[in-house]
Each structure stands twice: as C-alpha cells, then as structure tokens.
Amino acid sequence: MAVSGVVDTVLLAAASAFVLFAIVLVYRIVAGPTMQDRVIAVNAIGTNAVVVLALLAAALDQPGFLDIALVYGMLNFLMSIAISKFTVERGGVI
Amino acid sequence: MTTVTTALAVVLTFAVLAALAAILLRDVLNAIIAFGAFSFGISVAWVLLAAPDVALTEAAVGAGITTVLFLVTIAKTVRPAGERLLETVEWRSVAVVAVLVGALLTTVRSLPAVGAADAPVATSRITEYYLQNAYPETGVENVVTAVLAAYRGFDTLGEATVVIAAGVAVVLVLRQEAYV
Amino acid sequence: MTPLELLAIALVAAGTFFGFVAVVGIVRLPDLYARAHATSKSDTLGIILTLGGVALVLGADVSVAKTVLLGAFLFVTNPTAAHAITRAAHDQGIEPWTTEDEASAAGDGAKPTEGEE
C-alpha cells in the first residue's frame, strides 16, 4: 500500500478530487427537485466511483481493484435502469 | 501513507453526508437513492483499508441488489402526503443516540492501529497456523477463502442454507402478488 | 519522469477537469434535461481520459485490457442510463425548462405536438 513517486501522488489527488465532486453531488441528491434529478446525481456518483477505484488501482499498484470497478460499473447501470423503470411503472422491477 | 489517509478522510466525509441524506429525506424512494450513493463511500473506504474482497461485496450488494430489493419492497407502500422534503428530527432520540455513540467512541482508543504489527490478530498463534498451513492443508491460495470454505465449511454451509431459505421465503411471499 | 508518465498525468488532469465540468453542470444547470447533458457527455469524456491515464500507468498487462473494457462499458452505459432516466421523466410528464421568449412563442403559435404514446 505504499505510495511512492509523483505519479502515484497525482493519481491519489485525482481520486480525492473525484470524491470531492461526489460530495458536491450529494447537494443535488438532497435538493432534487424531481426523483430523476436524484437518479442522475447518483448515476454520476457511481461513475465517479468507477473512476476512483480505477485510479486507486493504478496509484496503489493493485490491479485487482479494477474488478471491483467493473462490478460497480455494471451494478450502477442496473440501479439507474431499475429506478427509472420503477418510477414509470411502480412495482415493475422484477 | 498520509495521502491515503487524506483520501480516506474525504471518502468517509462523503459517506457521512450521504448517510445523513438517506436518513433525513422524507420520501422513501429518495432515501433509497441516497443510500445507493452511500454504498459508494463505503466501498471506496474498504478499498483504501486494503480489503478488496469486502469492497467487492459492498459494490455488488450495496449498489445493485439492495436497491432492487428495497424497490420491490416499497412498491407495496404509498408515498407520504405533503410536499415536505425532509423528515422532522426528533431531538430527544438524537440525544440518546449521541450519548450512546459517545460512550462507544471512548473504546476506540484502546483498539490497535490499522495494520499495527503488534495487534493481537497479527501476533496470535492461530493466525500463524493458518498462514503456514492453509495452502498445504486445503490447496486454496487465499487464506480468507480457505478459512471460510474449508476450516469452517460446515458453518458456511449452514449460513448458505439460512440465506437460501430466506430467499425462497421472500419469493413465496412476493409471488402471491402480481410481481411474477 | 518519463514522457509516458507526463502523458499519463496530463490525461488524468484533463479527465479530472471534465469531471469537474460535469459536476458544475449537474449542480448549476436549470432542469433535469439539461443536467442529463452534463452526466452523459462531459462525465463520459472525463472517464475516458482518466481511464486512459490509468491504463498508461498500469503498463502493458492484462489490467490494461480490463481498463479498456471498463472504458468501453462506461462509454456505452453512461449515456444509455441518462437517456433511460430522462425518458422516464418525460413519461411522467415533466416539462423541459424554457426561457420566457420560448414559452410565449409556444403559447402564441400552435400548441406543441404531444408525444404519441
């Protein structure tokens, strides 16, 4: 887990920046005003999560983290689709 | 290591904010959406604490499956009346929770540091035994998997049985409605 | 610092910038349909650039294939998710935001045609 070199520091700083962006997006989740605004914000947070996990994989030299990023990306997509389907036909998720 | 600590602090700040949003939002669907954001913070925190398998579970369960299960559940409920965005806060309950959290936080100081070499889990004879004998005895390369699936195989089998029984029960309950 | 590392840092910085643009768009733009542009376009570009930098840092390995796969997957799904969300909003009858001029122009002329669903 050691962090060495300029590149790794830059990658970690970028990851922290993306998490800061996610903190800003929480404002949109709280403020709304519609359900879809919140889903858009959570979708953006999920894609930020994928980027953060990929950056951490490179910075900490743990390529296994990319698998987590892949799983997160797929399930984030699933979540967005499920919620948008749910808001149209209530209860029609499964 | 300090950059990792900084990143962890930012991630945990995000997780706390998302959790507050999930608690305070009045409409349950909004709370579910905020909870999906919360799972991101927890997942990245596990990655930063060098527990990628737990992070993988959190990513799969927190972002995907929990959301869908919650959606299926609240399909049976109605939305709260009124336009109010946030839940009203019951301050007496908050006081009780604050006292409890404060009491629990006093024990944190006696915990060993993260990754400390003299932590009981690192110096224990059992840890040493598993690290030395897990691969020769079970043939599984990951020690955690070896403990879960080989040394405690019957325990895991029982857990899996409970989970499958719960899943079958949920499907049976849901099938009585028009969700098939 | 090799040229490859410099290129990786530049890519990650550019990706972070476009992620920032996406966040500004989601927070500041007036309504849902405009905000969907920020997440589907700017955020996707930021992801592709950042993952490009990550792939350069990881070097020639199977993990680069994973990174490229991740980028291709997000390149497809991110706009698709934004489209699905906005379509759900349109099905629920949420009106797009318009300026005063456009609103009065739509009011004077023929009524805008409804979707035929």
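Where is B:Ala50 found in chain B? In this predicted model, B:Ala50 sits in a loop of chain B. That loop joins helix H2 (28-48) to helix H3 (52-74). For B:Ala50, phi is positive, near 60°, and the residue is not a glycine. Most residues other than glycine have a negative phi. B:Ala50 has a relative accessibility of 42%.

A:Asp61 has a phi of about 60°. This residue lies in the loop between helix H2 (35-59) and helix H3 (65-88) of chain A. Is A:Asp61 buried or exposed? The relative accessibility of A:Asp61 is 58%.

The fold of chain A is helical in its assigned elements. Chain A has 3 helices and 0 strands. Read from the N terminus, the order is α-α-α. The radius of gyration of chain A is 16 Å, whereas a compact globule of 94 residues would have one near 12 Å. Along the principal axes, the C-alpha atoms of chain A occupy a box of roughly 50 × 30 × 15 Å.

Of the contacts in chain A between residues at least 6 apart in sequence, 48% link residues at least 24 apart. Buried residues account for 67% of the 94 residues in chain A.

The surface of chain A was examined next. Chain A exposes about 2700 Å². Carbon and sulfur atoms contribute 68% of that area. Charged side chains in chain A number 4 positive and 5 negative. How far apart are the centres of the two sets? The distance between them is 22 Å.

Chain B was described by its domains. The assignment gives domain 1 (1-111) and domain 2 (113-180). The contact between them draws 6 residues from domain 1 of chain B and 6 residues from domain 2 of chain B. Taken over C-alpha atoms, the centres of domain 1 and domain 2 of chain B are 24 Å apart.

Note on methods. Residues numbered from 1 in each chain as written. Chains lettered and ligands numbered in written order. Predicted model: local features only at pLDDT ≥ 70, side-chain atom pairs only at ≥ 80, totals over all residues. Heavy atoms only, no water. Helix = DSSP H or I, 4+ residues; strand = E, 2+ residues; numbered from the N terminus. Rg over C-alpha atoms; globule rule 2.2 N^0.38 Å. Buried < 20%, exposed > 50% of the residue type's maximum accessible area, 1.4 Å probe, protein only. Contact = heavy atoms within 4.5 Å. Areas by Shrake-Rupley, 256 points an atom, 1.4 Å probe, with all protein chains shown as cover. Lys, Arg positive; Asp, Glu negative; His and termini not counted. Charge placed at Lys NZ, Arg CZ, Asp CG, Glu CD. Domains from an automatic or database assignment.
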